[in-house]
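Student: Can you walk me through this chain? I'd like the overall picture and then a few particular spots.

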Amino acid sequence: MASTRTSAVNNYCSRCFSTATLEKKYKAVVVGAGPAGIAVVGNLLEQKRAPILWIDEEFEGGRLNKYYREVPSNTKVKFFVGYAEGVSAFKDVAKETPSPNAYTVLKNLRQEKTCHIAEAADLCLMLTNGLNQSRGVHKQQGKLADASWCENNNWTLKLNGKSSPSEISSDLLVLCTGSSPTTGPLPTKDIQEIGLDPALKPSLLTTLLPTDSPITVGVIGASHSAILVLRNLYNLASSTHPKLRVKWFTRHPLRYAEERDGWIKRDNTGLKGEVATWAKENLEDEKLPRSDVNNYLEKVMTSKEKEQEQYNEHLTKCTHVIQAIGFKHNEIPSLKRNGKELEIKYNNKTGAFDDADGKKVHGLYGAGIAWPERVTDPEGTVEYAVGLWKFMSYLKRVVPNWSSA
């Protein structure tokens, strides 16, 4: 289940750092060790782009493992398996890791069903450990302070980390720096804000709310994350926190992913899996009045035009608030070219970056939730593809074309 980890997983990150002195020159530097960073390293190895310097502050599976282990996945198990089988290095790691391991656990689950994020997080931990110096991957715990593109067609990098050289050069620099939940302005300061990450972790959320005094939590949004938060709060209100009530602020009706002939409508934005089922059974207008959820939750319909008015009326009566309204890019290293700061714009089709004049920035690439692929469905709807298998599929297409030229 979500809270269970094998002894092998517990030991992954204690064994994942190389102790040898870092080299001065690499074919690629990858910043970030979440699911996208892992997939980038695997695809670079597939293209014989070693040695690789891999930089991260923790090397513990990113936010997926840190915050979302208890979240029910909206992805079928077979797609996590597809991620694990996406490149040769991943297959080798799975073969070399004593069984049962994270890969064999996934293989033994029902492939057309979903699972918990914990199973995917354990896979990321296993792969992080296995992508080591023996495969040409050097791990450096710390942060990339800044990077400068030089005339001799490579990046000069400065690291903040233990035992790192003052400067390192690389042909490629790949940013997998991730995103974090964003928040918006609220009409009152007399309210305690709970971050989306702890709200998605029931074992932590329960410690953040008092059990013996009346509280009202405002939840803003109707995304997959927002509905997960509503379900977590309902579970608390109907058990350990009987004085807890919820005000749910939403601009639009619930939107669900829909299976079509060979594709999925709202594949990246619609509700799926357990969360979709719970929402259909409890939150739809015709179901909510008859659901036990109605004893604890009040739905407040808003609009862009009337949102502040609704907030002033209802949110000011809340003791706490959780915003589930989207994600923002995490901070990236300072980037320079010929001594001048670079302004960059991501190309969602190639994984490359352009400068302010629309010209390609040589040797700079990105992937992951901060830098996803832009996709268009058969009905013309544009979305951004986020998920382990989607990262892998995108990278398998674009990484063979990455170069320093």
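What follows is a chat about a predicted model, going from the whole chain to single residues.

Student: How many helices and strands are there in the chain?

Tutor: The chain has 13 helices and 23 strands. Its radius of gyration is 22 Å, close to the 22 Å that the globule rule gives for 405 residues, so the chain is as compact as a globular protein of that length.

Student: And what does the C-alpha trace span along its principal axes?

Tutor: About 65 × 50 × 45 Å. Of the 405 residues, 52% are buried. Among contacts with a separation of 6 or more, 72% are between residues 24 or more positions apart.

Student: OK, at what angle do H2 and H5 pack?

Tutor: At about 105°, with the axes 7 Å apart. That makes H2 roughly perpendicular to H5.

Student: Which residues make that contact?

Tutor: From H2 they are Ile38, Ala39, Gly42, Leu45 and Glu46, and from H5 they are Ser88, Ala89 and Phe90. By class, the contact of H2 with H5 has 5 nonpolar residues, 2 polar and 1 charged.

Student: What about H4 and H13, at what angle do they cross?

Tutor: Helix H4 covers residues 77–84 and helix H13 covers residues 388–398; their axes come within 8 Å and cross at roughly 40°. H4 and H13 are therefore oblique to each other. The crossing in which H4 passes H13 is left-handed.

Student: Which residues are in the contact?

Tutor: H4 contributes Phe79, Phe80, Gly82 and Tyr83, while H13 contributes Leu388, Trp389 and Met392. In the contact of H4 with H13, 6 residues are nonpolar, 1 is polar and none is charged.

Student: Switching to single residues. Where is valine 217, and is it buried or exposed?

Tutor: Valine 217 sits in strand S10, residues 215–220. Its relative accessible area is 0%, so valine 217 is buried.

Student: What does valine 217 touch?

Tutor: Leaving out residues up to four places away in sequence, valine 217 touches Leu209, Leu233, Leu244, Arg245, Val246, Lys247, Cys318, His320 and Ile322. Isoleucine 322 is 105 residues from valine 217 in sequence, yet their C-alpha atoms are 7.3 Å apart in space.

Student: And valine 375, where is that one?

Tutor: Valine 375 is in strand S22, residues 373–376. With a relative accessible area of 24%, valine 375 is partly exposed. Its contacts, not counting residues up to four places away in sequence, are Asn268, Lys349, Thr381, Val382, Glu383 and Ala385.

Student: How far is valine 375 from threonine 207?

Tutor: Their C-alpha atoms are separated by 40 Å, and the two residues are 168 apart along the chain.

Student: Which residues have a positive phi although they are not glycine?

Tutor: Lysine 48 is one of them, with phi about 60°. Arginine 266 is another, with phi about 60°.

Student: Last one: where is glutamate 305?

Tutor: Glutamate 305 is in the loop between strand S14 (297–301) and helix H12 (307–314). It is exposed, with a relative accessible area of 69%. Glutamate 305 and lysine 143 are 162 residues apart along the chain, and their C-alpha atoms are separated by 42 Å.

Terms used. Residues numbered from 1 in each chain as written. Predicted model: local features only at pLDDT ≥ 70, side-chain atom pairs only at ≥ 80, totals over all residues. Heavy atoms only, no water. Axes fitted to C-alpha atoms, helices over the stretch in contact; angles between N-to-C directions. Helix = DSSP H or I, 4+ residues; strand = E, 2+ residues; numbered from the N terminus. Parallel < 35°, antiparallel > 145°, perpendicular 65-115°, else oblique. Left-handed = near helix turned anticlockwise from the far one by under 90°. Contact = heavy atoms within 4.5 Å. Nonpolar A, V, L, I, M, F, W, Y, C, P; charged D, E, K, R; others polar. Rg over C-alpha atoms; globule rule 2.2 N^0.38 Å. Buried < 20%, exposed > 50% of the residue type's maximum accessible area, 1.4 Å probe, protein only.
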